Amino acid sequence: LLRQCTSFQFHDTSDTAAIKLSWDVTDGRRLRSNGGNLAAVLLHLRENHVKRYDLIERHIARVLPGFGGFGLEPSYGKVLLQWRSRQGGKTFGAHLTSDGSLRLFCLMTLLSLPGEMLPDVILIDEPELGLHPAAITLVAEMVAGVARSRQVILSTQSPYLVDCFALESIVVADTEAGATRLQRLDAQAYIEWLQDDYSVSDLWLQNVIGGRP
């Protein structure tokens with residue numbers, strides 16, 4: 001079971017981050033947990049799953065209007081992550097790309113992968129970091145799609161992301177006596193709040209459901 005679980009954390013976008021380095025073109029059949037081999041994965045999709053590759057580019061363009069597609073040019077068995085601007089066609093490398101955009105590239109790719117390239121259980125740590133609220137909504141929609149065939153677990157501190165899911169899909173983590181207590185929420189217990197048009201994030205921020213410091 002544990003071998004079929006993979007955690008993904010796309011936080012490292014520093015100057016030495018793996019995603020900003022040239023990557024072996026043969027390492028593109030599974031996305032690494034830090035997204036470092038993203039360029040190789042995208043190249044594999046472009047050569048073997050064209051529709052998936054095109055879908056990823058369309059998804060990114062929905063929230064990054066200036067995105068004109070990836071520019072992947074293998075050289076001596078290596079490939080570097082690059083993308084083209086829709087205005088003027090200028091090509092940008094990962095080192096000239098914002099942190100939020102790099103994380104968006106990783107998330108859109110992960111959540112668009114064909115079944116044979118996905119683990120059975122996908123754990124994503126704080127996918128909302130650096131993303132515009134519109135991008136967070138798109139990520140939530142894609143998670144719901146992947147969750148039809150895979151179990152997807154997100155850890156988040158984002159009210160925007162929480163509001164994208166039903167109360168029954170949320171597990172609240174609290175610390176009690178030095179241990180973590182996980183509680184799955186029952187919508188019926190909060191039906192009066194929900195009927196009064198309180199959102200899930202309202203219940204969270206007002207400490208009705210817990211999960212507060």
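How are α2 and α3 oriented to each other? They are oblique to each other, a class that takes the angles left over once under 35 degrees is called roughly parallel, over 145 roughly antiparallel and 65 to 115 roughly perpendicular.

This is a predicted model, where local features need pLDDT of at least 70, side-chain atom pairs count only at pLDDT 80 or more, and totals for chains, interfaces and linings use all residues. Residues are numbered from 1 along each chain as its sequence is written, and side-chain values use heavy atoms, without hydrogens and water.

**Helix pair**

The axes of α2 and α3 cross at roughly 140° and come within 9 Å. Axes are lines fitted to C-alpha atoms, for helices over the stretch in contact; angles run from 0 to 180 degrees between N-to-C directions. The crossing is right-handed, meaning the near helix is turned clockwise from the far one by less than a right angle. Contact means heavy atoms within 4.5 Å.

| Helix | Residues | Contact residues |
|---|---|---|
| α2 | 50-63 | I56, H59, I60, V63 |
| α3 | 99-110 | L104, F105, M108, T109 |

These contact residues divide into 6 nonpolar, 2 polar and no charged.

**Sheet**

Three strands form an open sheet in the order β3-β5-β6, with antiparallel pairing. Strands are DSSP runs of E, at least two residues; helices are runs of H or I, at least four. Pairing takes at least two DSSP bridges. β3 (67-70) and β6 (91-93) stand at the edges with a single partner strand each, so one side of each lacks a neighbour in the sheet. Neighbouring strands are turned by 35° against each other on average, direction ignored. β3 and β5 (residues 82-85) are joined by 2 bridges. F70 has W83 in β5 as its bridge partner.

Key
Ala, Val, Leu, Ile, Met, Phe, Trp, Tyr, Cys and Pro count as nonpolar, Asp, Glu, Lys and Arg as charged, and the others, Gly among them, as polar.
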